[in-house]
Amino acid sequence: HRRIWLFWDGDCEFCRRAIRWVERRDVMCVIHAIPYQKAPTPPMTTILAHRCANSVHVITREGRLLSGGPACVYGMGRLGFRMTERVGTMPPFDSLVETVYRFVARNRRLLSLLFRCR
């Protein structure tokens, strides 16, 4: 079986916490989460690494490249949250998912500081 690659920013504390959440729920070990800075070539490329600096990316088993909100929704589906995936890919919710993702991505450093206080 081809693996599902999940590339994230290894320098981001918020991302690190999110990946720990994913790994705790990935009981079937279907997602291979790796910081994009440490990802092997292939599947990592120079262009993909540049894109990964700004958003999470997933390469599906079928070889599709997803980024941002769609990558997160796809990952949720693989973790067993099928309804979340189904709803998150339907209009108008798909736009809402991407809007929320962009807000979090732009503010992840601040969110890291806020969550560190806990």
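This is a predicted model: local features need pLDDT of at least 70, side-chain atom pairs count only at pLDDT 80 or more; totals for chains, interfaces and linings use all residues.
Strands of a sheet pair through backbone hydrogen bonds, in either a parallel or an antiparallel way. Both kinds occur here. S1 and S2 run parallel and are joined by five bridges; within S2, proline 35 is the bridge partner of tryptophan 8. Strand S3 (residues 57-59) and S4 run antiparallel, with three bridges between them. On the S4 side, leucine 65 is the bridge partner of isoleucine 59.

## Strand S1 and its two faces

How many of the residues of S1 are buried? Five of its five residues are, so the strand is mostly covered. In a regular strand the side chains alternate between the two faces of the sheet. In S1, Ile4, Leu6 and Trp8 point one way, while Trp5 and Phe7 point the other way.

Apart from its neighbours within four places in sequence, isoleucine 31 is in contact with Ile4, Leu6, Val22, Asp26, Gly75, Arg78 and Leu79.

## Aromatic pairs

How many aromatic pairs does a search of the whole structure find? There are two. In one of them, the rings of tryptophan 5 and phenylalanine 7 have centres 5.7 Å apart and planes at 15°. Planes under 30 degrees apart count as stacked, so this pair is stacked. Tryptophan 5 and phenylalanine 7 are both buried.

Tryptophan 21 and phenylalanine 81 also form a stacked pair, with 6.0 Å from centre to centre and 25° between the planes. Tryptophan 21 belongs to helix H1 (residues 13-25), whereas phenylalanine 81 is in the loop between helix H3 (68-78) and helix H4 (82-88). The pair therefore ties together parts that are 60 residues apart in sequence. Tryptophan 21 is partly exposed, at a relative accessible area of 28%, and phenylalanine 81 is partly exposed as well, at 32%.

## Charges over rings

Two arginines lie over aromatic rings. The charged end of arginine 3 is over the ring of tryptophan 5, at 4.9 Å from its centre. Arginine 78 lies over the face of tyrosine 74, and here the distance to the ring centre is 4.2 Å.

## A buried serine in a loop

Serine 55 is located in the loop between helix H2 (46-52) and S3. Is serine 55 buried or exposed? Its relative accessible area is 9%; buried means under 20%, so serine 55 is buried. Setting aside residues up to four places away in sequence, serine 55 touches Ser67, Gly68, Tyr101 and Arg102.

Definitions and conventions:
Residues are numbered from 1 along each chain as its sequence is written. Side-chain values use heavy atoms; hydrogens and water are left out. Rings of Phe, Tyr and Trp (its six-membered ring) pair if their centres lie within 6.5 Å; planes under 30 degrees apart count as stacked, over 60 as edge-to-face and the rest as tilted. Buried means under 20% relative accessible area, exposed over 50%, partly exposed in between (1.4 Å probe, protein chains only). Helices (H or I, at least four residues) and strands (E, at least two) are DSSP runs, numbered from the N terminus. A charge sits over a ring if NZ of Lys or CZ of Arg is within 6 Å of the ring centre and within 35 degrees of the ring normal. Contact means heavy atoms within 4.5 Å. Two strands pair if DSSP finds at least two bridges between them.
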